[in-house]
Amino acid sequence: MKRFMGRKAELLMMLVLSVFMCSLPAFAGSHDDSDDNDRNPATAATAAGPKAVNLGTAGDFVILTKTGITTTGTTAIVGSIGVSPIVATSMTGFGLIADSTNTFSTSSLVTGKIYAADYAPPTPTKMTTAISDMETAYTDAAGRISPDFTELGGGDISGKTLLPGLYKWGTGVSITNGVTLAGGPNDVWIFQMAGDFTVNNGAIITLLGGAQAKNIFWQVSGQAVFGTTADVKGIILSQTLVSMNTGATLSGRALAQTAVTLIANTITAP
């Protein structure tokens, strides 16, 4: 009888401990005591990597620039494009067709609306806000601290498989023959570079594991230049030019503080 009572008490204690343990919060990954608040909170269903960059209303555009957009050849753009404070004449090669409201225009090359600072209200205000949001997003991405990886590959990340995280270079970054980004659908990558971002002819950025272009941010202090038939994924936040050579494709957004130049390219919102 005593043996039975002892066993009963033991089982009761195990049950109490089990309930207590289940009531504790669950954490994925290691605890970080730093004051860097740019990280995603670690919970069972959250993303790996830093907190995504908030694009604000700049996220309404697949191409957004301050000094113009030019295209030659058969370009195909899915999403809206716009310029400010420059005017509509800075968008060349599109054959712009003004809407009857004069608040936007259209083009056979663009599946979406086209906006410029000199269109009828409320478009000027819309564009001023979008440009401001673009600049804020750039500053946010450039200002993230405590990188997970620094000077990886000396700036050449070709052939590498990159996990979610914050990457930083004091130089430019090049991809000569492709790179792979492996992670889940909510994971985030931010790439900070002090120079140019160069993707060579035919190079491909491959996404694995459900990784999405909308969660990839390339913060480029110099120019972003994509070679012939290069296949690029992610949000390009460039302080200067985004230049796409013949047949290059972008699944993402080209948000440039100067211009975007295109030659028979395909650009699709992520």
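**Note on aromatic pairs**

1. Phe-197 counts as buried, because its relative accessibility is 0% and the cut-off for buried is under 20%. The model under review is predicted.

2. Trp-218 likewise counts as buried, at 0% relative accessibility. The ring centres of Phe-197 and Trp-218 lie 4.5 Å apart and their planes meet at 15 degrees, so this pair is stacked; planes under 30 degrees apart count as stacked.

3. The pair of Phe-197 and Trp-218 links distant parts of the chain. Phe-197 belongs to strand β15 (residues 197–199) and Trp-218 to strand β17 (residues 216–220), 21 residues apart.

4. Phe-197 and Trp-218 also belong to a cluster linked by ring pairs, together with Phe-149, Tyr-167, Trp-169, Phe-191 and Phe-226.

5. Across the whole structure, the search finds nine aromatic pairs. One of them joins Phe-104 and Tyr-115: the ring centres are 6.3 Å apart and the planes are at 50 degrees, so the pair is tilted. Phe-104 lies in the loop between β6 (97–98) and β7 (105–107), whereas Tyr-115 lies in strand β8 (residues 110–116), so the pair ties together parts eleven residues apart in sequence.

6. Phe-104 is buried, with a relative accessible area of 13%, and Tyr-115 counts as buried at 11% relative accessibility.

7. The charged end of Lys-113 sits over the ring of Phe-104, 4.5 Å from its centre. The charged end of Lys-126 sits over the ring of Tyr-115, 4.9 Å from its centre.

Definitions and conventions: Residues numbered from 1 in each chain as written. Predicted model: local features only at pLDDT ≥ 70, side-chain atom pairs only at ≥ 80, totals over all residues. Heavy atoms only, no water. Phe/Tyr/Trp six-rings, centres within 6.5 Å; stacked < 30°, edge-to-face > 60°. Helix = DSSP H or I, 4+ residues; strand = E, 2+ residues; numbered from the N terminus. Buried < 20%, exposed > 50% of the residue type's maximum accessible area, 1.4 Å probe, protein only. Lys NZ or Arg CZ within 6 Å of the ring centre and 35° of its normal.
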